[in-house]
Amino acid sequence: MKAMTYHRYGGAEQLRLADLPVPEPGKGQLRLRVSACAVNLSDWEYLTGAPFYARMVGGYWRPKQPVLGSDVVGIVDKLGPDTPGFAIGDRVMGDVVMTRGGFAEYVCVPSELMVKVPESLSDAVAACLPQAGGIAVAGTENVTAGDRLLINGAGGGSGTMALQLAKQAGAFVSAVDNGGKVDWLRALGADEVIDYRAQDFTETGATWDLILDMVATRGPRRIAKALAPGGIYRAVGGEVRVLLSLLLGGAIYRGRHKSIGMLMVPSGRELTARVAALAEAGRIAPHLEAELPLAELPEALARTGHGEVRGKIVIRPS
């Protein structure tokens, strides 16, 4: 089978299109003929080995799994032992970020993480949902009408879906991203757009009830200035030193009625099914920038890692 592989940490230049044996499913696994696999920022982190937590999971010195890709949609073509509820020919979707392997023609995935794709969703749309949609749902869980929400990194896959859910809840949404996405984010419904290259949202004097930060770069002191009394800040990812400072230093601000910490996303079958149902009902619609062949994955990953993609890119391995 064709697969995009890498064997050392680095940039997109480490990726090579290779021929690999078709994998055999083990206990509790399904083998999928991959229809679509979305590109996520987590793929870039596993490729580069940074932040450091990517190496803690993916291999300290070199990658343990040579094939990236976690948001997978495919057709079940072989069942491993103990996979109740599935049959050959089922079209399924899921987030396999801990095992990866989706940027290939075939992949074996844990059946416990997979759900059947609603008929109304295309392969490409379904592939955009599990990881990015899960973050969006978890990040906007407690948003209510009248809340002021800031999304840092609003132009990516999670950010655009979080923007949709927040606006449906009646929130005022400030979207932060690069200047090339300003007009586009306004068109998507953002009430205010901040170009992070021109202005630091923590220095504007404005405050928000909730800040959802896709890539944390600021410590708790700066974040606290941008939180309203009773405000909540949640980081999705970022450098380890920044995340540690938020977890440790954020405790200081609890007495000031400001909550600073990480976003806990309960990834798994239940959340994926919930996100799929929201998409089926038309409440979230991922913005799909492009569907590309496997050979174009290196450029797609580099653009995702550098924050250039509007929404999501989906790879079609075959």
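Visitor: Which residue forms a salt bridge with D82?

Guide: D82 pairs with K27, and the closest N and O atoms are 3.6 Å apart. A salt bridge here is a side-chain nitrogen of Lys or Arg within 4 Å of a carboxyl oxygen of Asp or Glu. This is a predicted model, in which local features need pLDDT of at least 70 and side-chain atom pairs count only at pLDDT 80 or more, while totals for chains, interfaces and linings use all residues. Residues are numbered from 1 along each chain as its sequence is written, and side-chain values use heavy atoms, with hydrogens and water left out.

Visitor: Where do D82 and K27 lie?

Guide: D82 is in the loop between strand 4 and strand 5 (91-95), and K27 is in the loop between strand 2 and strand 3, so the pair ties together parts that are 55 residues apart in sequence. Strands (E, at least two residues) and helices (H or I, at least four) are DSSP runs, numbered from the N terminus.

Visitor: Is K27 buried or exposed?

Guide: K27 is exposed, with a relative accessible area of 69%. D82 also counts as exposed, at 51%. The classes are buried under 20%, exposed over 50% and partly exposed in between, with a 1.4 Å probe and protein chains only.

Visitor: How many salt bridges does the structure hold?

Guide: The structure holds 18. One of them joins K78 and E24 at 2.6 Å, N to O. K78 belongs to strand 4 (residues 71-79) and E24 to the loop between strand 2 (16-19) and strand 3 (29-38), so this pair ties together parts 54 residues apart in sequence.

Visitor: Which residues are linked with K78 in a network?

Guide: E24, R31, D77 and K78 are linked in a network of salt bridges. Within it, D77 and R31 have their closest N and O atoms 2.8 Å apart. D77 lies in strand 4 and R31 in strand 3, 46 residues apart. R31 counts as buried at 11% relative accessibility, whereas D77 is partly exposed at 23%.

Visitor: Changing topic, how do strand 9 and strand 10 run?

Guide: Strand 9 (residues 172-177) and strand 10 (residues 192-195) run parallel, joined by four bridges; strands pair if DSSP finds at least two bridges between them. S174 stands opposite E192 in strand 10.

Visitor: Which helix does the chain pass through between strand 9 and strand 10?

Guide: The chain passes through helix 6 (residues 182-188), and this β-α-β crossover is right-handed. That term applies if, with the strands pointing away from the viewer, the path from the first strand over the helix to the second runs clockwise.
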